[in-house]
Amino acid sequence: MNLRYELEKTAEERRLWFAGDCIVIAVSGGPDSMALLHMLSSVAKEGELSIIAAHVNHGFRVEESAHELAVVRAFSERLGVVFESISLDMPSYIEETRMNSQAASREKRYAFLHEIAAKYRATKIALAHHADDQAETVLMRVIRGTGLTGLAGMLSKRSEKNVELIRPLLRMNKSDLLRYCEEHQVPYCTDSSNKERHYFRNIIRLDILPYLSRHNPQLSQSLQRLAEVAGAEDEWMEKQTEALFVQLVTLSPNECAINCIDLHGLHVALQRRLIKLILSYLSKETEKISFEQIETMRLAASSLAPATWRMDAGAGIRCAREYEVMRWVQTANLSPDHGHDYAYEVGEDTASLDVEQSRWSFTFDYSASPNSRKPASRYEACFDASKLTYPLVVRNRRPGDRIQVLGLNGSKKVQDMFVDEKIAPLKRELYPLLFDAAGNLLWIPGIRRSNHALTELNTNDVLFIRVENE
């Protein structure tokens with residue numbers, strides 16, 4: 001099997017690189033990355049690419065790590081490849097940050113690779129994951145629980161920080177790469193930590209895969225094919241979801257909204273994906289949002305669900321159903337006063353007022369005649385200023401607030417008015433109400449006015465108020 005040919009064939013099929021690209025190769029010193037370095041150096045010598053070998057010494061296995069560094073450096077020099085390295089004290093960093101050792105090492109390793117890519121203006125970072133790694137990854141995800149995206153395993157390419165991470169060896173088996181190293185006299189090191197069962201991946205490799213392979217000798221190949229099929233279908237589904245996002249989702253600053261009928265009318269698979277895409281649009285920390293949480297949000301859009309509902313979705317996002325609309329809002333970007341009481345005084349000389357918490361604005365205008373201006377909508381109201389006690393107060397609702405509704409006998413709870421008018425629960429908290437100094441609720445803008453301070457034909461002092469909502 002000509003692995004060099006397979007490498008270039010895969011690169012062309014998956015458009016992993018183009019002539020003239022500069023590629024940083026992550027080289028650990030193991031047979032996989034050393035074989036990748038050797039193959040790409042051959043391609044580079046033909047003038048199609050420029051490459052940089054990048055090695056990270058994590059500082060875990062002092063003697064082994066020093067040997068790996070020396071082997072990779074010497075081999076890079078032998079091939080005439082530019083070499084960059086960094087030596088880290090990961091044990092101290094892990095103790096200081098309390099991070100998982102693998103997660104911390106990955107964070108530092110990738111930060112260095114991106115740094116080298118920026119230094120040489122590289123457009124790609126090549127990683128040496130191969131088909132056996134892919135099989136292990138898929139099986140790990142199956143055991144831990146996953147969906148179609150997880151079954152796709154590692155992608156052959158994906159963007160990260162304006163650089164593409166590429167995996168040219170995903171179709172090649174470990175045994176073929178070892179044979180390649182032998183045939184081409186490629187030196188490599190063996191990482192002793194690969195035999196430690198402290199890591200879950202090692203348990204998969206050393207124990208679980210060999211045991212399951214007794215029932216299916218072609219298990220690794222089956223898992224690799226599963227990743228190929230799942231990856232293609234996942235990519236297609238994602239494109240469908242992205243098109244639906246553009247078509248159905250309304251975007252506002254720090255929030256997304258969709259009609260419940262539109263969402264629940266989709267196939268259940270697309271419902272779940274669209275909700276996940278909305279969450280990812282609002283936050284980069286959605287990995288811990290569970291399947292159960294996605295399902296709760298999905299079912300909240302059904303015709304059988306309550307008309308108003310809310311939940312903390314995690315990742316700094318609040319999800320709410322507001323009658324016929326589902327909304328996802330970044331809680332971190334809500335007003336600091338969200339959910340807290342506010343009150344503004346309005347004197348007889350006040351011409352305008354901006355209520356920052358609710359993004360409503362009031363304008364106050366005094367005229368001599370009740371016939372000079374009349375309300376044209378529920379967002380305008382006239383009052384007999386002589387019957388008002390100042391200062392007026394604009395504030396949000398408090399428990400027990402009631403209004404003497406014009407045209408009705410008795411009073412009605414403001415909360416009930418909100419429900420009747422289908423005001424979304426998230427908006428009720430900050431909705432502005434107009435009171436006089438005596439505590440009389442004069443007006444719920446956009447809904448109803450009270451029977452206080454009504455104007456008559458002989459009214460000489462009219463207060464005309466208009467409100468606007470962003």
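**Terms and their grounds**

Reply: Strand β5 (residues 157-160) and strand β6 run antiparallel and are joined by four bridges. The model is a predicted one.

Me: What makes β5 and β6 count as a pair of strands?

Reply: The criterion is at least two bridges between the strands.

Me: Why is Val 138 called buried?

Reply: Val 138 has a relative accessible area of 0%. Buried means under 20%, so Val 138 qualifies. The residue lies in helix α6 (residues 131-144). Leaving aside neighbours within four places in sequence, Val 138 is in contact with Leu 151, Gly 153, Leu 223, Leu 226 and Ala 227.

Me: Why is α6 described as roughly perpendicular to α10?

Reply: Helix α6 packs against helix α10 (residues 219-248) at an angle of about 75°, and the axes are 8 Å apart. Angles of 65 to 115 degrees count as roughly perpendicular, so the description applies to α6 and α10. On the α6 side the contact is made by Ala 131, Asp 132, Gln 134, Ala 135, Val 138 and Leu 139. On the α10 side it is made by Ser 220, Leu 223, Gln 224, Leu 226 and Ala 227.

Me: What puts the buried residues of α1 on the same side of the helix?

Reply: The buried residues of helix α1 (residues 3-13) are Leu 3, Arg 4, Leu 7, Thr 10 and Ala 11. They cover an arc of only 130° around the axis, and therefore lie on the same side of α1. An α-helix has 3.6 residues a turn, so residues three or four places apart point the same way. The buried residues of α1 pack against α2 (31-45) and α8 (174-183). Tyr 5 and Glu 12 are exposed, on the face turned away from the buried side.

Me: What makes Asn 2 a cap of α1?

Reply: A side-chain oxygen of Asn 2 lies 3.1 Å from the backbone nitrogen of Arg 4, at the N-terminal end of α1. The limit for a polar contact is 3.5 Å, and the distance is therefore within it. Just after α1, Arg 15 takes a positive phi of about 50°.

Me: Why are β7 and β9 called the edges of their sheet?

Reply: The open sheet has five strands in the order β7-β8-β11-β10-β9, with antiparallel pairing. β7 (250-252) and β9 (308-314) each have a single partner strand, so one side of each is left without a neighbour in the sheet. Neighbouring strands of this sheet are turned by 15° against each other on average, direction ignored.

Me: How do you know that β8 pairs with β11?

Reply: Strand β8 (residues 255-259) and strand β11 (residues 325-330) share five bridges in the antiparallel sense, and at least two are needed, so they pair. Ile 258 has Met 326 in β11 as its bridge partner.

Me: Why does Glu 68 count as buried?

Reply: The relative accessible area of Glu 68 is 10%, and the cut-off is under 20%, so Glu 68 is buried. Glu 68 belongs to helix α3 (residues 62-79). A polar contact of 3.2 Å joins its side chain to that of Arg 61. Leaving aside neighbours within four places in sequence, Glu 68 is in contact with Ser 28, His 55, Arg 61, Cys 189 and Asp 191.

Me: Why is Ser 450 counted as buried?

Reply: Ser 450 has 0% relative accessibility, under the 20% limit, and is therefore buried. Ser 450 lies in the loop between β21 (448-449) and β22 (462-469). Its side chain reaches the backbone nitrogen of His 452 at 3.1 Å.

Definitions and conventions:
Residues numbered from 1 in each chain as written. Predicted model: local features only at pLDDT ≥ 70, side-chain atom pairs only at ≥ 80, totals over all residues. Heavy atoms only, no water. Buried < 20%, exposed > 50% of the residue type's maximum accessible area, 1.4 Å probe, protein only. Arc of directions from axis to C-beta. Contact = heavy atoms within 4.5 Å. Polar contact = N/O pair within 3.5 Å; in protein donor to acceptor, adjacent residues only side chain to side chain. Axes fitted to C-alpha atoms, helices over the stretch in contact; angles between N-to-C directions. Parallel < 35°, antiparallel > 145°, perpendicular 65-115°, else oblique.
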